[in-house]
Amino acid sequence: MAWHPGQAYGQDLRDRVLNASGSIAEVATRFRVSKSYVARARSRRHRLGDDTAGVQHNHVPLKLSGLEDVLAARVQAINDQTLEQLCQWLHAEHGVQVSVTTMWKTLARLGLSLKKRRSMPPSRSART
């Protein structure tokens, strides 16, 4: 498994870096990590006494987090509207403008769906 930017290093590498002696530059060169990684890991150990990585998050609050109940009630009341219509309603009623993608992700996170049942074959009366 390869390492990708934004992904935490493995705990085994972190332990080896923290247990290595030498300057920050020497340890960084030896383990092929950045100097800032070594400095931050050592700082975290010194400040918190913790050798594990901290929780990663982006500190950006969800745009619709305060309107989840209102949105859920709207979807339950009128379940045949499109995502675009829901976005327009939200903007008109609450002054919050979001993209269709944001609306879709929010509904998915809440476990809501605008489509209430799978496509069914046409009824006999519709076929005649």
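Author: Happy to! One term before we start: contact, or touching, means heavy atoms within 4.5 Å. Please also keep in mind that this is a predicted model.

Threonine 106 counts as buried, because its relative accessibility is 5% and buried means under 20%. Leaving aside residues up to four places away in sequence, threonine 106 touches Leu64 and Leu71.

Those two partners lead us to the largest nonpolar core, which has 15 residues. Leu64 and Leu71 are among its members with the most contacts inside it, a list that also includes Leu86, Leu90, Val98, Met103 and Leu107. Three helices, H4, H5 and H6 (100–110), each supply at least two residues of this core. The largest share comes from H5, with 5 residues.

Now for how the helices are arranged. Two packed helices are described by the angle between their axes and the distance between the axes. Take H5 and H6: their axes come within 9 Å and cross at roughly 100°, so H5 is roughly perpendicular to H6. On the H5 side, the contact is made by Leu83, Glu84, Leu86, Cys87 and Leu90, and on the H6 side by Val100, Met103, Trp104 and Leu107. Sorted by type, the residues of this contact are 8 nonpolar, no polar and 1 charged.

H5 has another partner to look at, helix H4. H4 covers residues 68–77 and H5 covers residues 83–94; they pack at an angle of about 130°, with their axes 12 Å apart. The two helices are therefore oblique to each other, and H4 passes H5 in a right-handed crossing. Here Val70, Leu71, Arg74 and Val75 of H4 meet Leu86, Trp89 and His94 of H5. The residues of this contact divide into 5 nonpolar, 1 polar and 1 charged.

Not counting residues up to four places away in sequence, leucine 86 touches Leu71, Arg74, Val75, Gln81, Met103, Leu107 and Leu114.

How values were computed. Residues numbered from 1 in each chain as written. Predicted model: local features only at pLDDT ≥ 70, side-chain atom pairs only at ≥ 80, totals over all residues. Heavy atoms only, no water. Axes fitted to C-alpha atoms, helices over the stretch in contact; angles between N-to-C directions. Helix = DSSP H or I, 4+ residues; strand = E, 2+ residues; numbered from the N terminus. Parallel < 35°, antiparallel > 145°, perpendicular 65-115°, else oblique. Left-handed = near helix turned anticlockwise from the far one by under 90°. Nonpolar A, V, L, I, M, F, W, Y, C, P; charged D, E, K, R; others polar. Core = buried A, V, L, I, M, F, W, Y, C linked by side-chain atoms within 4.5 Å. Buried < 20%, exposed > 50% of the residue type's maximum accessible area, 1.4 Å probe, protein only.
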